[in-house]
Amino acid sequence: MKEIKILDCTLRDGGRIIDCHFEDNDIKNITARLTNAKIDIIEVGFLRDRRNIKYSSNSTFFTDVDQIKPFLTKKSGSLYVAFIDYGMFDINSLKECDGTSIDGIRFGFTKKDYDESREDILFWIETIKSKGYKLFIQGVNSLSYTDKELLEVVDMINKVKPYSFGIVDTYGAMYMDDVDRIFGVIDHNMHSDIHINFHSHNNYQLSFALAQEIIRLSRNSGRKIIIDGTLYGMGKVAGNLNTELLTDFLVRKFRYDYDTDLIFDTIDDYIYKYTLKYKWGYSVPALMAGVYKSHPNNIIYLTEKFRLRAKDVGRLLAMIEPKKRQRYDYENIEHIYREYAGKNINDSNEIELLKNLFFNREILVLVPGSSLKKYKKQIQEYITIFSPLIISVNFVSNYMDSWIFYGNNKRYHSNKNEHNGKKIIISSNIDSVSEEDIVVNYYGLINRDFKFFDNSTIMLLNLLKKTVPKRILLAGFDGFSSMIEDNFVDKSFQNDRHNTDLFDFVNREISLMIKDYAQQVIDKTEIVFLTPSYYKPFLKDTKIKFINIKKFIGIKENI
């Protein structure tokens, strides 16, 4: 018996790019060819609720297992399966498995489904098993589970004992270490008789490499596995792992008996024609779908409707809340696009100007934390000795020839009468009142993967990254204390968003943003905190330096 099985899902997941509108003759012949090529498991389509769709010919959206019978070659060694998404089929209408139609059901659910409807999911599972079908469980988007949450699901899997449990790279966002970690958690804790099923999308062009890694891991552990593929990698946006790559690999490396030549013929005869009208495979928008873990329909909608450049697609995806990206809401995308179009600007000239001014400079960033007041004398002394270029964040400093960066519209307008010839940089979300303002693209400075993506200091750091200074010194970037009155250089900075219950979360999240930033720039730009900060404990394993400014004499040589 094979320890590694191939599941071809061309007629199901591959078919999503054509809304599963395969011709009946093609469905029958693709199924027969895959069977004759000795593919172990063939997924022939979806089972959907007849109350929502009406089955007609030339489709692999079925509403009853009897509709699948004419497309199968039952005298074979292949298993035939169909896919049910939780909540999208009338599970009570599922007929008994009598050997004349499909042999198994692949049942998929999201983490949200599992968290909110666990008992009902168990009911669906038991119903599928009680009707006599082999049960394949697919926990959609495996990356959305923490290890602890994954262990809870594995505990449930051990109790219901399906034929397989899937590692599913729904958004094509996995790297090798993700596969190693998730496989390890499942393999070490799941009953040894249950297969691990691997399903990936090819956004990062890693599907074939990840499949080989799964094979390597399984051979080390003795775990039986199933790997999904589609003919020619057919599928939405980036597509899937190519079945023909996998068959060729297993034939060459493990002497398996798949008929790869017949697979090639099937591609030529039944799949190639779709490539003339539909496009899938690597593209920068497909890469964006992986980076932002987005449903492919969002990418298709943005690229086809708005004809956007790849970087604009990425920025718009970043504006959608992470959980909402995993589904598609075209009305929400329209709203976000209108917001984006109103604030998005081409700032290439402005960035070039700032780069000419800031490149290889030592820049002191003054943030309005209370330490600016406490260490005012030492900061002044540092400035006198070392003459850094000074940029204050959302406030007007008293230092001559200093700059101001505004990422906050309210602070900009409350200070506008105090600018007095200061050099001002603002992000494009701010309503400028002066032609002298240097306006930079707001969307080039934020990352909406974070709740506090609009922190103005982080926005300034992201701007400075484009100008490549030699060193960035931070003063007043204190973080948040439960003693609210101690958090700012003056009370005008306090607002309703500063909730003490959130301070620990805010400190951690901003620290994570700083840490990510430091990893991107550290080879070109040193980052130094001149004043104490609540972020320090979270940044221990970085190359960021924290200096005691009271002992700053000779500091330049030490940093």
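Ser200 is found in strand β8 (residues 195-200), where helices (H or I, at least four residues) and strands (E, at least two) are DSSP runs numbered from the N terminus. The model is a predicted one, in which local features need pLDDT of at least 70 and side-chain atom pairs count only at pLDDT 80 or more, while totals for chains, interfaces and linings use all residues. Residues are numbered from 1 along each chain as its sequence is written, and side-chain values use heavy atoms, with hydrogens and water left out.

With a relative accessible area of 2%, Ser200 is buried; the word buried stands for under 20% relative accessible area, exposed for over 50%, and partly exposed for what lies in between (1.4 Å probe, protein chains only). Apart from its neighbours within four places in sequence, Ser200 is in contact with Asp169, Ser207, Asn240 and Leu241, contact meaning heavy atoms within 4.5 Å. With Ser207 there is also a polar contact between the two side chains, at 2.9 Å. A polar contact is a pair of N or O atoms within 3.5 Å; within protein, one must be able to donate a hydrogen and the other to accept it, and residues adjacent in sequence count only if both atoms are side-chain atoms.

Thr230 lies in the loop between β9 (225-229) and α7 (243-254), and it counts as buried because its relative accessibility is 0%.

Ile404 stands opposite Ser392, and its bridge partner in β13 is Ile424. Together, β12, helix α17 (residues 409-415) and β13 make a right-handed β-α-β unit, right-handed meaning that, with the strands pointing away from the viewer, the path from the first strand over the helix to the second runs clockwise.

Side chains of opposite charge can pair when their charged atoms come close. The structure holds 28 salt bridges, each being a side-chain nitrogen of Lys or Arg within 4 Å of a carboxyl oxygen of Asp or Glu. In one of them Arg106 joins Glu43, with the closest N and O atoms 2.9 Å apart. This pair links distant parts of the chain, since Arg106 belongs to strand β5 (residues 104-109) and Glu43 to strand β2 (residues 41-47), 63 residues apart, and both residues are buried.

Asp66, by contrast, is partly exposed, with a relative accessible area of 32%, and its salt bridge with Lys69 has its closest N and O atoms 3.4 Å apart. Asp66 also meets Lys95 in a salt bridge of 2.5 Å, N to O. Because Asp66 lies in the loop between β3 (61-62) and β4 (79-85) and Lys95 in the loop between β4 and β5, this pair ties together parts that are 29 residues apart in sequence. Lys95 counts as partly exposed at 36% relative accessibility. Elsewhere, salt bridges that share partners join Arg12, Asp13, Arg16, Glu43, Arg106 and Asp228 into one network.

Terms used:
Two strands pair if DSSP finds at least two bridges between them.
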